[in-house]
Amino acid sequence: MRAGPHPFHHRPRPGFTLVELLVVIVTFVALGGIAFSAGKSVQVKSRQIRSAGNLRQWGAALGLYMTEHNNALPRRGQGKQKLSQLNRPEDWFNALPPYLGQPPYQELVAEGRSPRPGDDSPFICPGVAPASPPARYPLGYGMNMNLSPWNFPEPTLLSQISSLPTVVFMAEAPGDHASIYPSAAGYSLVAPHAGRGNVLFLDGHVEAYSGDYLGCHKGDPGRRDVSWKTGTDSDANSDSY
């Protein structure tokens, strides 16, 4: 009588088939893609939150500035031109920084300490890519081009604005302009956070919107909840921006 197989003797298992190996590889690639996408989304959201924090700082500085200047707003800086004139103390990038414990932008440039893309600075938006070619005087934020322009003899007063919660004071800029506007031109505001952009309104609150809604690189200055028109005499010239 032949003895049966030993009870503890097992037949060798075959290895993975090619199909099984392919399934495992595809699964790992898919999981890696999901993890990468989630990580990128977290980075984008983090940059958007940090940029919104910078804008809130500028809003706080604006409130302090107006308290000391009879509710007058600072000047917008240059209009359609890239930033080149730094010597006017009334321009927002010189007038507001001292209220944040920062030197005026003009002083930083003169001392060779001007902020650059990637710096942890209220002047720099963490989501805006460096301008190409690099900006001579980089700024990550710009003031509403239609607000307190230099072609008016006096700065705009807060009491002259039609609606503080809906009129834009500042938004994220392309990196080489001190004042911005919804436009197809190079001075348009930008939406650097996966197609979304932060906006600071004159009442101090910050909201994020899609670039399409804001009119980035195409123009749409008159939305009821995001208005670049101010209700002042400067609106007469706003269609030329």
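**Strands and cores**

Strand E4 (residues 196-201) and strand E5 (residues 206-210) run antiparallel and are joined by five bridges, strands here being DSSP runs (E, at least two residues) and helices likewise (H or I, at least four), numbered from the N terminus, while two strands pair if DSSP finds at least two bridges between them. Arg-196 stands opposite Ser-210 in E5, and the hairpin that E4 and E5 form has four residues between the strands, with Gly-204 in the turn showing a positive phi of about 100 degrees.

This is a predicted model, in which local features need pLDDT of at least 70 and side-chain atom pairs count only at pLDDT 80 or more, whereas totals for chains, interfaces and linings use all residues. Residues are numbered from 1 along each chain as its sequence is written, and side-chain values use heavy atoms, with hydrogens and water left out.

The open sheet consists of five strands in the order E3-E1-E2-E4-E5, with mixed pairing. Because strand E3 (179-180) and E5 stand at the edges with a single partner strand each, one side of each is left without a neighbour in the sheet. Three bridges join the antiparallel E1 and E2, and Tyr-141 has Glu-172 in E2 as its bridge partner.

The largest nonpolar core has 35 residues, and those with the most contacts inside it are Trp-92, Phe-93, Phe-169 and Leu-202; such a core is a set of buried Ala, Val, Leu, Ile, Met, Phe, Trp, Tyr and Cys residues joined through side-chain atoms within 4.5 Å, buried meaning under 20% relative accessible area (1.4 Å probe, protein chains only). H1 gives the most to this core, with seven residues.

Definitions and conventions
Buried means under 20% relative accessible area, exposed over 50%, partly exposed in between (1.4 Å probe, protein chains only).
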